[in-house]
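Here's a quick tour for anyone who likes to check geometry against the coordinates. Have a viewer open and follow along.

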Amino acid sequence: MATGSGQSRLWHPFANMAEVKDDKFVVDRAEGVWLYDRDGKRYLDGTAGLWYCNVGHGRTEIVDAVAEQMRRLDNYFTFNDYSNEPAEELARRLSGLAPMDEAKIFLTTGGGESIDTAAKLARLYWARRGEPERTHLISRRQSYHGTNGLGTSIAGIEGNRHGFGPLVAEATRVAYDDAEELRAAIERIGAEKVAAFFAEPVIGAGGARPPEPGYLEAVAKICAENDVLFIADSVIGGFGRLGGWFGVERWGLRPDMITFAKGVTSGYLPLGGVAVSARVSDVFWEAPGAPFMHGPTYSGHPSVAAAALANLDILERENLLARSRELEKPLHDALLRLADHSAVAEVRGGTGLIGAVEIEADILAGDKGLITRMQKAVRERGAIVRVLCGNALVVSPPLTITEAELTLLADTIEAGINAALTA
Ligand SMILES: Cc1ncc(COP(=O)(O)O)c(C=O)c1O
């Protein structure tokens, strides 16, 4: 293939380029829940790209909205007092949907930027409140918060933090499933030094792990008791993936900030942001002469905002949040059929349209490349899944998928696992 034989100059994220440069899977086009390669072979998009294509592929409504906006005002910035109507409208709409009082919406170009925005806002909030020593950031082991500076510093996936030299020192990780560890960490560090606690409602990249019952409610309470800002990282969880707009509604949470990205445009254009509660934003919006010296060039990009608005229209009109809630059990049930497989250690799911099939450690231990061969065998049989944590095949399909396609997805995973085991 043209991209093989050492010809490619494209450096892929999270990839071993020594291997990938000569062996790529080139996606040519997509429609609904299906991807097509250059030979016209189709694959079920079992992951909605990287957890983002919630409305499915090929939505001409989004394409048209972006084209129309580009013809009118292609791009312009929102620094200082510059604004544009799509960005204003998007902020109004997201504010109305966010589970917090009078949410203000800071727009970025992705999840990692949103995490760093929220972390900087948290620290600055405390500094402006006269508590500049509140700088410590707490996160959970196994959590993923992007690859920017602060997000890397609070990463709970060990491998994502190492090799880069010293990171932000005031960062502590606690168990992802034990709220009491958070309480103990706050006591040890001193609440007066802790700025914020970050939590993905369902851990995504760290292996698709739903929270233990009561865990999220408990950590939210511990944060409130200690005056620590509670920041929900709903970059994956939002816009229907966990059944609500901002990924936290099913637990009745009202975080101080929520980071979002991905499903806000279903990935049609890159967008992220932070929904900021009045508690935090008042310090900036009500006090004169105190700008937040932060923001990416494309914050509030009008054409990207137009994509998000069209995407929200589709999510609303087609009731895709309710559909996600309806499909989470069928997805889990379909995967649970693999739970008795001799190579399967655990099936996770049932909270949102996210699931994982973890492979037995002793089977993987003897064969380093096996899990990747499993993923590729699934793909050869017509479905896309991802390997996470080196031991799990993870799925997060578009919210438009049918129950029959969920069954097909699980069947294809099983066939791929079997084929890799017997090869
Ligand atoms: C929970 C979470 N936070 C942050 C990010 C980073 O987002 P981005 O890749 O858009 O920077 C991701 C990406 O997968 C994520 O899953």
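## Ground rules

This is a predicted model, so to speak of local features takes pLDDT of at least 70 and side-chain atom pairs count only at pLDDT 80 or more, while totals for chains, interfaces and linings use all residues. Residues are numbered from 1 along each chain as its sequence is written, and side-chain values use heavy atoms, with hydrogens and water left out.

## Helix α4

Helices here are DSSP runs of H or I with at least four residues, strands are runs of E with at least two, and both are numbered from the N terminus. Helix α4 covers residues 85-97, and its 13 residues should span 18 Å at 1.5 Å a residue; the end C-alpha atoms are 18 Å apart, which agrees. That expected span is 1.5 Å times one less than the number of residues.

Asn 84 caps the N-terminal end of α4, with a side-chain oxygen 2.9 Å from the backbone nitrogen of Ala 87. Buried in α4 are Pro 86, Ala 87, Leu 90, Ala 91, Arg 93 and Leu 94 (buried means under 20% relative accessible area, exposed over 50%, partly exposed in between, with a 1.4 Å probe and protein chains only). The buried residues of α4 pack against α3 (60-72), β4, β9 and α10, where contact means heavy atoms within 4.5 Å.

## Aromatic pairs

The structure holds 14 aromatic pairs. Rings of Phe, Tyr and Trp (its six-membered ring) pair if their centres lie within 6.5 Å; planes under 30 degrees apart are stacked, over 60 edge-to-face, and the rest tilted. Why is the pair of Phe 106 and Phe 292 edge-to-face? Because the planes sit at 65°, with the ring centres 5.6 Å apart. Phe 106 lies in strand β4 (residues 104-108) and Phe 292 in the loop between α9 (278-285) and α10 (302-317), so the pair ties together parts 186 residues apart in sequence. Phe 292 counts as buried, at 18% relative accessibility.

Phe 246 and Phe 260 are also edge-to-face, at 5.7 Å centre to centre and 90° between the planes. Both Phe 246 and Phe 260 are buried. Elsewhere, ring pairs link Tyr 76, Phe 77, Phe 79 and Tyr 82 into a cluster.

## Charges over rings

Arg 29 lies over the face of Tyr 36, 4.0 Å from the ring centre. Arg 134 does likewise with Trp 126, at 4.1 Å. The test is NZ of Lys or CZ of Arg within 6 Å of the ring centre and within 35 degrees of the ring normal.

## A loop proline

Pro 213 sits in the loop between β7 (194-199) and α8 (215-226). Pro 213 is exposed, with a relative accessible area of 79%.

Technical notes
A polar contact is a pair of N or O atoms within 3.5 Å; within protein, one must be able to donate a hydrogen and the other to accept it, and residues adjacent in sequence count only if both atoms are side-chain atoms.
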